[in-house]
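Work through the exercises below with the sequence and the coordinates at hand. Each task is followed by a stepwise solution.

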Amino acid sequence: FDPERSYVQLVEPLTIDENKKQITARIRSGGVLQLPWSPRISSYESLIVYTIDDNSLVERQDQVWSISAFEALKETFTPPSFSAPSDG
């Protein structure tokens with residue numbers, strides 16, 4: 001993602017399950033990818049679960065998106081839509 005034209009937002013507070021050694025986050029992302037044709041990715045949410053090992057390092061990351069992998073891939077290869085110039 002192009003940091004100047006994209007965003008990542010935390011949708012709700014992180015949850016920490018010490019018994020399972022997991023940290024869960026729900027985020028919303030969208031914006032423009034840093035590819036030559038600058039494809040725009042629509043806003044989508046991700047549920048991310050980090051599993052922590054005995055050394056307090058991330059051992060595993062699982063992620064579920066609110067869009068399909070096909071939709072994400074399709075947007076990656078779709079040129080951006082350009083809006084009409086303003087009259088201002």
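**Exercise 1.** In which strand does S46 lie? Describe its surroundings.

*Solution.* The model is predicted: local features need pLDDT of at least 70, side-chain atom pairs count only at pLDDT 80 or more, and totals for chains, interfaces and linings use all residues. Residues are numbered from 1 along each chain as its sequence is written, and side-chain values use heavy atoms, with hydrogens and water left out.

Step 1. S46 lies in strand 3. Helices (H or I, at least four residues) and strands (E, at least two) are DSSP runs, numbered from the N terminus.

Step 2. The relative accessibility of S46 is 1%, so the residue counts as buried (under 20% relative accessible area; exposed is over 50%, partly exposed in between; 1.4 Å probe, protein chains only).

Step 3. Leaving aside residues up to four places away in sequence, S46 touches A25, R26, I27, Q63, V64 and W65, where contact means heavy atoms within 4.5 Å.

Step 4. One of these contacts, W65, is also the bridge partner of S46 in strand 4.

**Exercise 2.** Work out how the strands are arranged and where the helix lies.

*Solution.* Step 1. The four strands form an open sheet in the order 1-2-3-4, with antiparallel pairing. Two strands pair if DSSP finds at least two bridges between them.

Step 2. Strand 1 (7–17) and strand 4 (58–65) are the edges; each has a single partner strand, so one side of each is left without a neighbour in the sheet. From one strand to the next, the twist averages 20°.

Step 3. Strand 3 (residues 40–52) pairs with strand 4 in the antiparallel sense over seven bridges.

Step 4. Helix 1 (residues 69–76) lies across strand 3 and strand 4, and runs at about 130° to strand 3. Axes are lines fitted to C-alpha atoms, for helices over the stretch in contact, and angles run from 0 to 180 degrees between N-to-C directions.

**Exercise 3.** Characterise the protein chain as a whole.

*Solution.* Step 1. From the N terminus on, the elements run β-β-β-β-α.

Step 2. The radius of gyration is 17 Å, well over the 12 Å that the globule rule gives for 88 residues, so the protein chain is more spread out than a compact globule. This radius is taken over C-alpha atoms, and the rule is 2.2 Å times the number of residues to the power 0.38.

Step 3. Along the principal axes, the C-alpha atoms fill a box of roughly 55 × 30 × 20 Å.

Step 4. Buried residues make up 25% of the 88 residues.
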